[in-house]
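The sequence and structure come before the details.

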Amino acid sequence: MDGAAENGSTAGASAASAEGGARVVLLGPPGAGKGTQAQVLCQHLGVPAISTGDMLREAVADGTELGKRVDGIMASGALVDDATMAEVVRERLAKPDASRGFLLDGYPRTLPQAETLRGILESASRSLDAVLLVEVPEDELVRRALLRGRGDDKESVIRGRLRVYREKTEPLIGYYRERGLLREIDGNRPIEEVTARMVGLFGVSP
Ligand code: AMP
């Protein structure tokens, strides 16, 4: 039987998908599987998955001004500055495909970024519908990252990224919880199960 709290926690998200669109943030440590989940969830919600990490990696690959500016920062595991990220996200959310909503993966990562996002949405008379927090224990995150073996995935860099997450990004959990937007998901489960739970939050069948 569903408790009152659980019913309450799905209400906002269900309403979001009922009107055919959703503005959703995926929050969680690096390596929690947000990108994988975003690819599936965005199909269900009919909104684009927007990964700021992918956008920056593309800029680096293309050798753009932005790419040159962020290359070293990304390789070190540090965060790109908030002003640069504000520009990247503002421009991306202004594109037509994001008008009905979006699934943001990797943004916001700091409290100022959360405020920037709120401002961008507010100026369009919009607001977030839900923030999905994907939780995975740290040792499992390190194991997954080493398996994935991307060029910048050395263990020291991974641990550094997790430290940055704890210091800069974790405060967003309280920020969004206070605003009644946070939905917690156990990310230490088989991929399909995590997907099913996320999709279930939006009241659409997987
Ligand atoms: P990700 O693929 O989301 O882990 O992002 C890879 C890297 O891109 C991060 O380690 C940061 O250096 C940079 N990055 C991506 N999104 C952000 C953001 N919202 N704020 C600052 N840096 C970011």
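## The contact of α5 with α6

From α5, the residues Asp82, Met85, Ala86, Val89, Arg90 and Leu93 meet Pro112, Gln113, Thr116, Leu117 and Ile120 of α6. Sorted by class, this contact has seven nonpolar, two polar and two charged residues. The model is predicted.

Helix α5 covers residues 82-93 and helix α6 covers residues 111-122; their axes come within 10 Å and cross at roughly 30°. Angles under 35 degrees count as roughly parallel, so α5 is roughly parallel to α6. The crossing in which α5 passes α6 is right-handed.

## Alanine 86

One of the α5 residues that meet α6 is Ala86. Is alanine 86 buried, exposed or partly exposed? Alanine 86 has 19 C-beta neighbours inside 10 Å and therefore counts as partly exposed. A buried residue needs 20 or more such neighbours.

Alanine 86 and tyrosine 107 are 21 residues apart along the chain, and 9.6 Å separates their C-alpha atoms.

## The shell around the ligand

The ligand is surrounded by 16 residues, and the closest are Thr52, Gly53, Leu79, Val80 and Gly106. Helix α3 supplies the largest share, three residues.

How does the shell around the ligand divide by class, and how many of its residues are charged? The shell has nine nonpolar and five polar residues, with two charged residues besides.

## Threonine 52

Thr52, among the closest residues to the ligand, lies in helix α3. Threonine 52 counts as partly exposed because 19 C-beta neighbours lie inside 10 Å.

Which residues does threonine 52 contact once its neighbours within four places in sequence are left aside? The contacts of threonine 52 are Met85, Val88, Val89, Gly106 and Tyr107. Of these, Met85 and Val89 are also among the α5 residues that meet α6, and Gly106 is listed among the closest residues to the ligand. Threonine 52 and aspartate 105 are 53 residues apart in sequence, yet their C-alpha atoms are 6.8 Å apart in space.

## The contact of α7 with α8

Helix α7 (residues 138-148) packs with helix α8 (residues 155-169) at an angle of about 135°, and the two axes are 10 Å apart. Angles over 145 degrees would count as roughly antiparallel; α7 and α8 are therefore oblique to each other. Their crossing is right-handed.

On the α7 side, Glu138, Leu141, Val142, Ala145 and Leu146 make the contact, and on the α8 side, Glu155, Ile158, Arg159 and Leu162. By class, the contact of α7 with α8 has six nonpolar and three charged residues, and no polar ones.

## The chain as a whole

The protein chain has ten helices and five strands. It comprises 206 residues, of which 33% count as buried.

What share of the contacts with a separation of 6 or more comes from residues 24 or more positions apart? Such residues account for 77% of those contacts in the protein chain.

Terms used
Residues are numbered from 1 along each chain as its sequence is written. This is a predicted model: local features need pLDDT of at least 70, side-chain atom pairs count only at pLDDT 80 or more; totals for chains, interfaces and linings use all residues. Axes are lines fitted to C-alpha atoms, for helices over the stretch in contact, and angles run from 0 to 180 degrees between N-to-C directions. Helices (H or I, at least four residues) and strands (E, at least two) are DSSP runs, numbered from the N terminus. Angles under 35 degrees count as roughly parallel, over 145 as roughly antiparallel, 65 to 115 as roughly perpendicular and the rest as oblique. A crossing is left-handed if the near helix is turned anticlockwise from the far one by less than a right angle, and right-handed if clockwise. Two residues are in contact if their C-beta atoms, placed from the backbone, lie within 7 Å. Ala, Val, Leu, Ile, Met, Phe, Trp, Tyr, Cys and Pro count as nonpolar, Asp, Glu, Lys and Arg as charged, and the others, Gly among them, as polar. A residue is near a molecule or strand if its C-beta atom, placed from the backbone, lies within 6 Å of it. A residue is buried if 20 or more other C-beta atoms lie within 10 Å of its own, exposed if 12 or fewer, and partly exposed in between; C-beta atoms are placed from the backbone.
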